[in-house]
Amino acid sequence: MRILIAEDDSSIAEALRFALTQVGYAVDAVTDGAAADEALKNQGFGLVILDLGLPRIDGLEVLRRLRRRNAGIPVLILSAREKPEEKVMGLDLGADDYIAKPFSVNELQARVRALLRRGQGGAAPVVTYADLTFDTIGRTASLKGRTLPLSSHETGVLEVLLNRFGRAVSKEQLLEQLYSYDKDVGHNTIEVYVHRVRKKLAGAGVTVRTLYGRGYMIDYVDQ
Ligand code: CA
C-alpha cells in the first residue's frame, strides 16, 4: 500500500514517514500543493495525508481538485489545532478524516488503518488460505493459530502477494508497493524478503513460487 504525504514541514513529514514505514507502508512525500496535485493525478496511492497549509497550492484546493476528478482515494487531513474551521472545510470538501497537529504515532497509525479498512468497502478483514491466516486490519499473520513473527517488510511482501493470491506479482510491483521512489532499493532486496517469507510459511500449506521472468506468486502447495 502506497501512501502520499503532502506536508511542507520537514520534521512533521519525517515523523509521518517514520510512523508509516514502521508498519510496512510505502511512503512518498511532497512538500507543496502543486506537487501533491501532480502526484495524485498520476500515481496509484491508497491514501493521502494532506497538510492544509501548503505552499503554491493550499491543501484545501488540492482536495477540491482531487474530488472534482472523482478520485475516491481516502484523504486524511492534517490540521493545526488552532484552526478548527479548516478542519470543517476539509471535511465539507470530501476529506475522510482529520488529525490535529501534534499527533501521536499510535493515533496516526490507528486513523490510517481505519481509513484503509473503510476504503476496502468491507472486504473480509481476515483471510485464510490452508493453514495461513492473515488479518488485513491488524496486519498480522498466523500459522495454525500461532502468530508468525514477520518484520514490517516481510508483512508488506506477504500482504501484496496475498492480495493477488494465485496470480503473478512482478518484482517491480513488490518494489513499488514497498518503497518510495527515491529509495535506491534493488531487486536483490526483494529476493531476500521473499526468501524469508517463504521460509516462514513452511508447513502452512501455501508457498511463494518463483515464476522465472515474471516474479512471484503465492499459491497452495501441491499435494
Ligand atoms: Ca504546513
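The model is predicted: local features need pLDDT of at least 70, side-chain atom pairs count only at pLDDT 80 or more, and totals for chains, interfaces and linings use all residues. Residues are numbered from 1 along each chain as its sequence is written, and side-chain values use heavy atoms, with hydrogens and water left out.

Start with the overall build. The C-alpha trace spans about 60 × 35 × 30 Å along its principal axes. The chain has eight helices and eleven strands. Both are DSSP runs, numbered from the N terminus: helices are H or I with at least four residues, strands are E with at least two. Buried residues make up 47% of the 223. Buried means under 20% relative accessible area, exposed means over 50%, and partly exposed lies in between (1.4 Å probe, protein chains only). Of the contacts with a separation of 6 or more, 56% join residues 24 or more positions apart. A contact means heavy atoms within 4.5 Å.

Now find the calcium ion. Which protein atoms are its donors? They are Asp8 (OD), Asp51 (OD) and Gly53 (O), lying 2.2 to 2.3 Å from the ion. Aspartate 8 lies in the loop between β1 (2–6) and α1 (10–21), and glycine 53 in the loop between β3 (47–51) and α3 (59–68), so this pair ties together parts that are 45 residues apart in sequence. Along the chain, the donors follow the spacing D-x42-D-x1-G. Donors are N, O and S atoms within 2.8 Å of the metal (3.2 Å for Na, K and Ca); water is not among the atoms, so sites may look incomplete. Aspartate 8 is partly exposed, at 35% relative accessible area. Glycine 53 is partly exposed too, at 43%.

Stay in the loop between β3 and α3, where arginine 56 is found. Its phi is near 70 degrees, a positive value in a residue other than glycine. Arginine 56 is exposed, with a relative accessible area of 70%. Lysine 144 also has a positive phi, about 50 degrees, although it is not a glycine. Look for lysine 144 in the loop between β8 (140–143) and β9 (146–147). Lysine 144 is exposed, at 58%.

Valine 112 sits in helix α5 (residues 105–119). Its relative accessible area is 0%, so valine 112 is buried. Leaving aside neighbours within four places in sequence, valine 112 touches Ile3, Leu20, Tyr25, Leu47, Ile49 and Leu76. The loop between β5 (97–101) and α5 holds proline 102. A cis peptide bond joins lysine 101 to proline 102, with omega about -5 degrees.

Two other buried residues complete the tour. Glutamate 86 belongs to helix α4 (residues 84–92). Its relative accessibility is 16%, so glutamate 86 counts as buried. Beyond its neighbours within four places in sequence, glutamate 86 contacts Leu52, Leu60, Ser79 and Ala80. Phenylalanine 165 lies in the loop between α6 (152–163) and α7 (171–178). Is phenylalanine 165 buried or exposed? Phenylalanine 165 is buried, at 17%. With neighbours within four places in sequence set aside, phenylalanine 165 meets Tyr129, Val206, Ile218, Asp219 and Tyr220.
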